[in-house]
Amino acid sequence: MITFYDLGLSPHVIRAVSDMGFETTTPIQEQTIPQALEGRDLIGQAQTGTGKTAAFGIPLIETCNVSENIVQCLVITPTRELAMQVAEELNKLGQYKGVKTVPIYGGQDFQRQIRALKNRAHIIVGTPGRLLDHMNRKTIRLDTVKTIVLDEADEMLQMGFIEDIETILAALSADRQTLLFSATMPPRIQTLAEKFMNNPLIVKVKSKEVTVPNIAQQYIELAERQKFDALCRILDIESPELAIIFGRTKRRVDELSEALAKRGYDAEGIHGDLTQSKRESVLRKFKEGTIDILVATDVAARGLDVSGVSHVFNFDIPQDPESYVHRVGRTGRAGNTGLAITFVTPREVSHLRTIESITKRKMDRRSVPNVVDAIEGQQRQIVERILEIIEAGDFTHKSLAEELLNEHDSLTLVSAALKLLVKEPNTTPVNLTEESPLRVKKPREFSKGGSKGRSTDRKGAPNRKEYDRGKDFDRGKSAGKKKFDNKNRKK
Ligand SMILES: Nc1ncnc2c1ncn2[C@@H]1O[C@H](COP(=O)(O)OP(=O)(O)OP(=O)(O)O)[C@@H](O)[C@H]1O
Ligand SMILES: [Mg+2]
């Protein structure tokens, strides 16, 4: 086991990581930090939840010169929420050294960002669209940047982001250091990346599977119209600590979160058509546990690190194998276990097999839960909870229990109490528009490149790029106009 001390880091940084509760390095940290500190360009690929943020964050903090009040590092992320999260982590890592990181993302007041930029930012973490806006307004200077990081690099180099990234890179000095990180790195993208890097070192943490082994992966084959009741039953059976449910489109997310709320679950949705303050408040409530179900488009698929997410549901099977990897990776982070359940309609089974073959991991088939399963599952949970309470010996209703026992036998009383606790399945009618099955004409190969699957945007086969990209992801204006149907873009 390698500690951060073994990596020869400065005491400031060691103190910060120990405050954060990190004891030993993760493999990607061990393999990239020393190389990045030497100034090398590198591509780092490691599974979701294995500490890639600190793998690039620590070298940024170490090499930052706090006596110079200029921007020295730039980190680019695909979504606003991820920019905030990464900036937060960098601020923690840099707290004792005095390195200041500022997030710059869309949907937030320009003046406020300009003030933050003037106020000694050493590191900027931004989304491409807003960074370009600042560049155009000349409210940001990037020529002093020594290191640039593309977090979720494969996503950032896909159609839709690539032109913005090229524009931003062109504004940086040619002898900058370039670091790329992601859990997925299709070879086609890697080849593209190497073109604007300087002899990059490629660090891929060796693993048999693309996803981490501590995420149990299941699928349920069912008809579209069975999905919602199946979801509710599983939620009742498993009672997740926190769950993320991914839907294919924004409308789907709205309808699903409303339907769940109608059935009494604490659920809210997040997607790119919501105002930024709403997006932030929903995510905050989820992190605090005020709501325990987050319904999301792929806007929440990449990078988000919320502790306590025990379950991920693919209510609709994702279009891309990469998207599958990132979605399920919202659970099972930092060594924790998690469960991912994917719903698949009969016509989508072949797509599921493609995902399995690309991720080199079989999903376990699970049957559609029926009412009996749901009740039995709840009974099991309730019994477990009762036994835990007995174990803890913490009762507050003993005198009432004695009173009741004078009048009824214990079997009758316990059965009555259980009846109260076990919920009959809620069948409140809900309004959910049916999705057509996902049609992927030709399985796209994630390991060998090719972009066939991405262009699937025929009627009835909504492509997530087409439906969700516009505002969910935070992209500049230029690329959108050329390549996308612009109706779902704001400006
Ligand atoms: N060395 C470490 N020891 C313990 N926990 C760590 C360590 N490094 C990072 N973590 C924690 O692990 C969690 C996941 O880290 P992080 O978000 O950086 O993962 P990631 O590899 O970027 O995942 P993704 O591919 O989903 O973006 C975070 O909560 C982080 O604080
Ligand atoms: Mg990450």
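Figure 1. UniProt, in an unreviewed entry, places the short sequence motif "Q motif" at residues 2-30. UniProt positions follow the numbering used here, feature names are shortened, and annotations may be inferred rather than shown by experiment. The span is 45% helix and 0% strand, and its end C-alpha atoms lie 7 Å apart. Helices (H or I, at least four residues) and strands (E, at least two) are DSSP runs, numbered from the N terminus. Residues are numbered from 1 along each chain as its sequence is written, while chains are lettered from A and ligands numbered from 1 in the order in which they are written. This is a predicted model: local features need pLDDT of at least 70, side-chain atom pairs count only at pLDDT 80 or more, and totals for chains, interfaces and linings use all residues.

Figure 2. The unreviewed UniProt entry assigns "domain: Helicase ATP-binding" to residues 33-203. This stretch is 42% helix and 18% strand. Its end C-alpha atoms are 11 Å apart. Of its 491 residues, 46% are buried (20 or more other C-beta atoms within 10 Å of the residue's own, C-beta atoms being placed from the backbone; 12 or fewer is exposed, in between partly exposed). Among contacts with a separation of 6 or more, 77% link residues 24 or more positions apart. Two residues are in contact if their C-beta atoms, placed from the backbone, lie within 7 Å.

**Figure 3. The shell around ligand 1.** The shell holds 18 residues, counted when the C-beta atom, placed from the backbone, lies within 6 Å of the molecule. The closest are Phe22, Gly51, Lys52, Thr53 and Ala334. Helix 3 (residues 52-63) gives the largest share, three residues. By class, the shell has five nonpolar, ten polar and three charged residues. Ala, Val, Leu, Ile, Met, Phe, Trp, Tyr, Cys and Pro count as nonpolar, Asp, Glu, Lys and Arg as charged, and the others, Gly among them, as polar. Ligand 1 lies between domain 1 (4-209) and domain 2 (212-441), because both give residues to its shell.

Figure 4. In domain 1, 20 residues are in contact with 20 residues of domain 2. On the domain 1 side, helix 4 (80-93) and helix 7 (153-156) each supply at least two residues. Helix 4 gives the largest share, four residues. That side divides into three nonpolar, nine polar and eight charged residues.

**Figure 5. Strand 2 and its partners.** Strand 2 (residues 73-76) is covered on both faces. Cys73 and Val75 on one side, and Leu74 and Ile76 on the other, are all buried. Four bridges join strand 2 in parallel to strand 4 (residues 123-126), where isoleucine 124 is the bridge partner of leucine 74. Strand 5 (residues 147-151) also runs parallel to strand 2, over four bridges. There, threonine 147 stands opposite cysteine 73. Strands pair if DSSP finds at least two bridges between them.

Figure 6. Strand 10 joins strand 11 (residues 293-296) through four bridges, in parallel. Glutamate 268 stands opposite leucine 294 of strand 11.

Notes: Domains from an automatic or database assignment.
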